[in-house]
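This report covers the fold and the aromatic contacts of one protein. The sequence and model come next.

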Amino acid sequence: MASSNKRDAILDAAADLLAREGRDAVSTRAVCKAAGVQAPILYRLFGDKQGLLDAVASRGLAAYIAEKRRITPSGDPVEDLRRGWDLHVGFGLAEPALYALIYGSPRPGAEPEGAKQAAEILAGLVHRVALAGRLRVPEERAARVVHAAGRGTTLSLIAMPEAERDMEAARIVREAVIHSITEPAPSAPSADPSSGPSNGHVRTGSDVVAGAITLKASLGDLEVLTPSESRLLGDWLDRIIEGQAARPQATSSETPHQATAP
């Protein structure tokens with residue numbers, strides 16, 4: 001049996017044991033027996049049991065990642081982020097044992113390659129929201145929030161008996177997360193030529209933060225700046241984003257005077 005065939009046989013055996021009996025059943029002895037290979041071959045191909053589990057995880061994620069890469073921009077990056085969330089939850093419910101293997105026992109700094117690729121796709125979805133001027137928190141923080149909430153929601157659903165899974169609760173979590181990190185879509189411009197800053201709209205701190213985040217997301221495309229200038233501008237934008245976000249924000253019903261009055 002060629003090495004590639006042995007590798008596939010071992011992965012098939014491990015994935016089958018994982019799906020049928022859970023992670024604890026995936027011992028090197030059981031996998032070797034099911035695959036018809038000797039233990040030294042498994043260790044030569046995967047290093048150890050954890051290396052085998054990581055390979056199973058990455059292969060299992062391949063179809064999910066391919067589907068997520070096929071998400072074509074709809075013109076609404078926030079809606080695309082929703083679609084990405086729903087794909088993530090759907091993958092977890094379709095492959096609960098595999099999902100729990102990947103996300104149920106986190107190992108800081110040692111996640112499977114497939115999980116890293118999935119995180120990169122999420123970062124790309126968040127980046128498009130930033131470019132559209134719709135992100136109210138820094139990109140990295142937004143991606144962490146979506147990932148943590150999506151993972152927790154999916155693991156909670158997996159832990160429930162299938163007949164009792166509350167998908168409406170999952171939708172509420174999704175919308176709460178999206179609301180907390182994004183700005184509403186801009187309204188259509190008024191046809192009244194007299195409308196403008198005097199129409200009652202007051203620029204808020206969140207407007208400033210969203211603008212700074214959008215500009216930072218666009219830095220890679222600003223060819224008029226040198227790399228050092230881009231880094232400096234990025235540092236300044238970070239200060240604006242973090243500093244403005246830390247200030248109390250006025251509600252939409254407050255005037256600037258009301259918002260700052262003691």
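## A pair within one helix

Tyr99 and Tyr103 sit four residues apart in helix α6 (residues 96-103), so about one helical turn separates them. Helices here are DSSP runs of H or I with at least four residues, and strands are E runs of at least two, numbered from the N terminus. This is a predicted model: local features need pLDDT of at least 70, side-chain atom pairs count only at pLDDT 80 or more, and totals for chains, interfaces and linings use all residues. Residues are numbered from 1 along each chain as its sequence is written, and side-chain values use heavy atoms, leaving out hydrogens and water.

Tyr99 counts as buried because its relative accessibility is 0%. Tyr103 is buried too, at 6%. Buried means under 20% relative accessible area, exposed over 50%, partly exposed in between (1.4 Å probe, protein chains only).

## Aromatic pairs

Rings of Phe, Tyr and Trp (its six-membered ring) pair if their centres lie within 6.5 Å; planes under 30 degrees apart count as stacked, over 60 as edge-to-face and the rest as tilted. The protein has three such pairs. Tyr64 and Phe91 are stacked because their ring centres are 4.7 Å apart and their planes meet at 15°. This pair links distant parts of the chain: Tyr64 is in helix α4 (residues 49-69) and Phe91 in helix α5 (residues 77-94), 27 residues apart. Both Tyr64 and Phe91 are buried.

Tyr99 and Tyr103 form a tilted pair, with 4.7 Å between centres and 45° between planes. Ring pairs join Tyr64, Phe91, Tyr99 and Tyr103 into a cluster.

## Overall fold

The protein has twelve helices and zero strands. Of its 262 residues, 34% are buried.
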